[in-house]
Every structure is written in C-alpha cells, then in structure tokens.
Amino acid sequence: GFLPLTEDPEQRGENWPAGPLGVAECPWDTGDLDLHLLQHVPNNEESLHLSRRVLLRGLFRRQRAGVESDVPTTVKLWALGRWPQCRDVTLISEAFIFVSNSWRALHEAKAR
C-alpha cells in the first residue's frame, strides 16, 4: 500500500499517524519513492493530509537512522508538508515531536 495499514493511536510519537517504523512496509520505506515527489501533491486537504503523513513517516525514519542531522535537507523536505495550512492537531503534534527531537540532537551534537 501507499502507507502501512496498521496504525495504533495508543502508540503515539514514533508509530502514529505516520505508521509503524519497523521494517520497510511501503514504497516510501524502500526508497522506491523519493520524498521530494511530495512537491507534486495537489493542494487539497485530503491529498495534503496523506502527504504530511508520508513526510512525517519519512522524516522520523531518517531521524531514527541518524541521517537527519543534515539541516538543509531537512528544511527542504519540511517545506513539502505545507504546514501553515495544516489544521490536524494530531499531525501538528507529530510534527512538533519531530522538530523537538531534531533540536535536541543538534544541541547534543554541539555540546560534544
């Protein structure tokens, strides 16, 4: 599928709404689809909602793999979510978790 079907709202943060972060379960996980393709998503709420879920899933996966310290790439990918238009509290919460994790990682890297 486009995203894994299993979602558990009780496992917030790294598992939902972006989907479980375990093994590769969809074309976004395997690299068959590049996150930069999200720039072509139509500007309607349903498409943007799915796009944001895909984006968060990809960003969280990159973060867990330790490749999200590349700030310029993260900034380019982040813009694909068109976050100022988002009104979904759950997605916004997930986005803040990602940003918080990124900030913490950058802060820790500078402290070393």
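The chain holds 4 helices and 0 strands. From the N terminus on, its elements run α-α-α-α. Helices (H or I, at least four residues) and strands (E, at least two) are DSSP runs, numbered from the N terminus.

This is a predicted model: local features need pLDDT of at least 70, side-chain atom pairs count only at pLDDT 80 or more, and totals for chains, interfaces and linings use all residues. Residues are numbered from 1 along each chain as its sequence is written, and side-chain values use heavy atoms, with hydrogens and water left out.

Of the 112 residues in the chain, 37% are buried. Buried means under 20% relative accessible area, exposed over 50%, and partly exposed in between (1.4 Å probe, protein chains only). Among contacts between residues at least 6 apart in sequence, 67% join residues at least 24 apart. A contact means heavy atoms within 4.5 Å.

**Helix 4 and its partners**

Helix 4 has 23 residues and reaches 33 Å from its first C-alpha to its last, close to the 33 Å expected at 1.5 Å a residue. The expected span is 1.5 Å times one less than the number of residues. Its buried residues are L91, E94, A95, F98 and S102. Their cover includes helix 2 and helix 3.

| Helix pair | Angle | Axis distance |
|---|---|---|
| Helix 2 (residues 45–65) and helix 4 (residues 89–111) | about 25° | 11 Å apart |
| Helix 3 and helix 4 | roughly 170° | within 13 Å |

Axes are lines fitted to C-alpha atoms, for helices over the stretch in contact, and angles run from 0 to 180 degrees between N-to-C directions. Angles under 35 degrees count as roughly parallel, over 145 as roughly antiparallel, 65 to 115 as roughly perpendicular and the rest as oblique.

Helix 2 and helix 4 are therefore roughly parallel. Helix 2 brings H49, R52, R53, L56, L59, F60 and Q63 against L91, E94, A95, I97, F98, N101 and S102 of helix 4. By class, that contact has 7 nonpolar, 4 polar and 3 charged residues. Ala, Val, Leu, Ile, Met, Phe, Trp, Tyr, Cys and Pro count as nonpolar, Asp, Glu, Lys and Arg as charged, and the others, Gly among them, as polar.

Helix 3 and helix 4 are therefore roughly antiparallel. V71, T74 and W78 of helix 3 meet A95, F98, V99 and L106 of helix 4. This contact has 6 nonpolar, 1 polar and no charged residues.

R82 lies in the loop between helix 3 (71–79) and helix 4. R82 is not a glycine, yet has a positive phi of about 45°. R82 is buried, at a relative accessible area of 19%.
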